[in-house]
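Please keep the sequence and the model in view while reading.

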Amino acid sequence: MRKLNPNLPRKRILREPSCACCPGCGGALRAMGADHEEMLDLVVQAWQVIETVRPKYSCRTCDKIIQAPAPAKAIARGKLSYATLAHIMMAKWGYHLPYYRQAQMMATKGVDIERSTLARSAGYAAALLDPIYNRIREIGRTRTKIHTDDTRFPILAPGKTHKGALWVYVADDRNSGSQEPPIAWYRATMGRAGESVMSELAGFAGTLQADGFTGYTQIYRGGAIREAACLAHLRRKIFDVHDSQPTELSTTAMAGIQAIYRIEEDIRGLPPAERLTARRGRTRPLVRALRRQLMRQAKGLSRHADIAKAFAYGTKRWRAFNRFLYDGQLEPDNLIAERAIRGFTVGRRNWLFSGNFAAASGQLSCSAS
């Protein structure tokens, strides 16, 4: 087992011999060092009730009543502290625990709380975090590069379940040596349409790194937003064919893309200028070779063949795939956004859907903060 974190709190236990003299001869003892060992321990989580008492006093002269002001509450007339709200939200969105599981876990510690109370509390917490969430969105849209992705998000409505979507927007340039903190925010929509992204990125000017979803097409028409495609999507399409029916063609294509990614590993974290220099000298010949291969081999394949469809995906968006070769700030893929949305997809296995759109919007806004 690796060494324990030196920054963790420590409790020192001193174990002295049971007698102050030698058990064999009765002679006096002298110190000669000590053995040290560490063991990771868990301090059991404990719930407590904070009872605030505010005595009242009256003036003997004018009968005026004097009392200390009531402390600020997270929820007006509520009985949950800020720490409790933070615990509920982190358990739901950080550790993917549905409210009914949280209620069960709290019951084992003597806390009797309804699942509906936890859900309402999450809504209150989202409202408290709205200013922070809006500020994150405001700052994020001033960046010059944003990654975006979406995933399905079922939302209950009277009589049916809507095929909602969750969109993530990420501004993270640490791979190109930036010291700016990464920013991510989420948005729930009742459907999956490009208009949702257009309204969310209103006023943004720069590069949008995304997959090949056709809904993004209208976003790039004005010219203010440039498209940067995701090489990982092309790799997956080729790999799916290669995994089921490997050929010399798919093997060569996979090797070429893998070589590109090895170079990206070498230059990760370097300034944009250095990344651009490496890509011009090392990556661009590989990309051109891959392009020639896709074009040459595609001519001899039926357009209905799986490998031909995978190659067509790349050739149709080749300019967008090449974008990272001319800008050291860009990435070859959209994995930054995919990683940011992965936690949500893990949680979806547990809670399956959102009870209504208001809950989806409020709780997801809270998770972004």
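What percentage of the 369 residues of the protein chain count as buried? In this predicted model, the buried share of the protein chain is 38% of its 369 residues. The secondary structure of the chain consists of 12 helices and 7 strands. With a radius of gyration of 29 Å, well over the 21 Å that the globule rule gives for 369 residues, the protein chain is more spread out than a compact globule. Where contacts link residues at least 6 apart in sequence, 64% of them join residues at least 24 apart.

The table gathers values for the protein chain as a whole.

| Property of the protein chain | Value |
|---|---|
| Box filled by the C-alpha atoms, along the principal axes | roughly 95 × 80 × 40 Å |
| Accessible surface | about 23600 Å² |
| Part of the accessible surface belonging to carbon and sulfur atoms | 54% |

Two packed helices are described by the angle between their axes and the distance between the axes. Helix 6, which covers residues 231–244, packs against helix 9, residues 306–316, at an angle of about 170 degrees, and their axes lie 9 Å apart. Because angles over 145 degrees count as roughly antiparallel, helix 6 is described as roughly antiparallel to helix 9. On the side of helix 6, the contact is made by H233, L234, K237, I238 and V241, while helix 9 contributes D306, I307, A310, F311, Y313 and G314. By residue class, the contact of helix 6 with helix 9 comprises 7 nonpolar, 2 polar and 2 charged residues.

Conventions. Residues are numbered from 1 along each chain as its sequence is written. This is a predicted model: local features need pLDDT of at least 70, side-chain atom pairs count only at pLDDT 80 or more; totals for chains, interfaces and linings use all residues. Side-chain values use heavy atoms; hydrogens and water are left out. Axes are lines fitted to C-alpha atoms, for helices over the stretch in contact, and angles run from 0 to 180 degrees between N-to-C directions. Helices (H or I, at least four residues) and strands (E, at least two) are DSSP runs, numbered from the N terminus. Angles under 35 degrees count as roughly parallel, over 145 as roughly antiparallel, 65 to 115 as roughly perpendicular and the rest as oblique. Contact means heavy atoms within 4.5 Å. Ala, Val, Leu, Ile, Met, Phe, Trp, Tyr, Cys and Pro count as nonpolar, Asp, Glu, Lys and Arg as charged, and the others, Gly among them, as polar. The radius of gyration is taken over C-alpha atoms; the globule rule is 2.2 Å times the number of residues to the power 0.38. Buried means under 20% relative accessible area, exposed over 50%, partly exposed in between (1.4 Å probe, protein chains only). Accessible areas come from the Shrake-Rupley method with a 1.4 Å probe; for residues, only the protein chains shown count as cover.
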